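Here are a few exercises to work through with the model open beside you. Try each task before you read its solution.

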Amino acid sequence: MFVWFFLACATTAAGTKRPPQPRVPSLQSPNYVHVETRPRDGVVAKVWPNPVDESLAGAAGAVAIELSERRTVDAQALRWRAILAGYPWVIGEARFATTAFDAAPADLVASATAKLGHDIGLVRARGRESDHWVLLVGERRATLPSIPREPALGQELSLPGLDVAAIAPSGEPVAGVGALVLDHSGEWLVQLRDKIGVVATFPLYVGARTPQTPPFSGALGAEEAGDLDEELLLRMDALDRWYQRPAAERDPALDAAARARLRAFLSGQKLPPAQTQLAAAGFFGGTSGECRARTVVDCLDGIWWSLSGHDALAGNWGTIGLAVQTTSDGVAVAVAVADRSAI
């Protein structure tokens with residue numbers, strides 16, 4: 001499934017030849033799939049003679065290359081690299097190390113050895129002055145059939161023995177057992193469960209291309225940084241660009257509804273159905289998403305990946321209301337959306 005590529009040898013400024021470039025796995029796969037193989041890079045294989053998960057190794061390779069280019073990788077970017085590489089399960093651990101060319105990081109290898117029995121992705125990439133190693137440890141509980149990430153419209157996925165829940169591109173929740181019919185074009189968020197709990201949560205892009213970047217990621221620049229309200233607005237503007245859609249109109253009545261839901265959420269109250277609450281305020285077809293996390297990005301990302309809140313961020317709504325406040329451990333956010341006012 002994966003294609004391995006080679007990078008040409010380079011010469012240092014002093015005129016000495018660098019060691020051969022590491023063999024890095026393909027960074028993307030068209031399918032969510034679990035396949036074990038041996039590391040193809042000679043230095044990695046020497047210190048890790050055990051199998052690696054091809055998809056997880058692809059994600060690790062993408063991260064290693066970004067680190068070798070002196071770019072930072074946050075949790076959201078890491079999860080999206082796994083999605084692109086075909087790994088829909090939870091990544092429980094990510095470790096990084098920098099070494100001299102062709103040297104092995106003993107601590108990183110020891111960490112991988114301690115996780116034998118888990119899915120392992122262990123890869124290195126070459127920077128200008130050093131090798132960058134990445135270890136990813138997967139928490140796969142169940143094996144899934146190979147699932148295309150960009151299936152055709154009308155395709156039926158066979159998922160024997162699993163409960164299926166999804167949010168369709170229309171925003172409608174879909175539930176079933178053992179199968180999912182993809183009868184709408186666009187982005188689906190799918191969650192699979194067995195008798196123990198959630199097996200995997202992943203997006204499908206029916207008749208569409210998968211975005212190459214996550215919906216939320218990265219720190220704001222110094223010129224952008226402001227208060228929480230400003231950051232929330234900037235993040236929502238960026239999400240509109242990510243979806244290539246017009247921005248929803250900010251509505252003071254929806255802001256008030258979002259603030260009311262956020263207060264109830266933080267107080268531990270059971271929230272009323274969003275559509276009912278927003279209809280009482282004069283809005284059609286509304287929904288909402290609430291979260292509490294360390295940062296605004298973490299919060300919005302949590303809403304996006306949840307079946308309950310996904311449509312509040314993924315839907316092409318006409319009006320929007322926002323609320324954000326600090327908490328003892330970070331921030332809390334509420335997003336309320338609707339088609340239009342009934343008044």
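**Exercise 1: A salt bridge in a helix**

Glu-231 and Arg-235 form a salt bridge, with their closest N and O atoms 3.6 Å apart. A salt bridge here is a side-chain nitrogen of Lys or Arg within 4 Å of a carboxyl oxygen of Asp or Glu. This is a predicted model, where local features need pLDDT of at least 70, side-chain atom pairs count only at pLDDT 80 or more, and totals for chains, interfaces and linings use all residues. Residues are numbered from 1 along each chain as its sequence is written, and side-chain values use heavy atoms, leaving out hydrogens and water.

Task: work out how Glu-231 and Arg-235 are separated along helix α5.

Solution. 
- Step 1: both residues sit in helix α5 (residues 228-243), and because they are four residues apart, about one helical turn separates them. Helices are DSSP runs (H or I, at least four residues), numbered from the N terminus.
- Step 2: check burial, which means under 20% relative accessible area (1.4 Å probe, protein chains only), with exposed over 50% and partly exposed in between. Glu-231 is buried at 18%, and Arg-235 is buried at 8%.

**Exercise 2: The disulfide**

Task: locate the disulfide formed by Cys-291 and decide whether it is right-handed or left-handed.

Solution. 
- Step 1: search the whole structure for cysteine sulfur atoms within 2.5 Å of each other; one disulfide turns up.
- Step 2: identify the pair as Cys-291 and Cys-299, their sulfur atoms 2.0 Å apart.
- Step 3: take the torsion about the S-S bond, which is about 125 degrees, so the disulfide is right-handed.
- Step 4: check both ends. Cys-291 is buried at 8% relative accessibility, and Cys-299 is buried at 0%.

Note on methods. Helix = DSSP H or I, 4+ residues; strand = E, 2+ residues; numbered from the N terminus.
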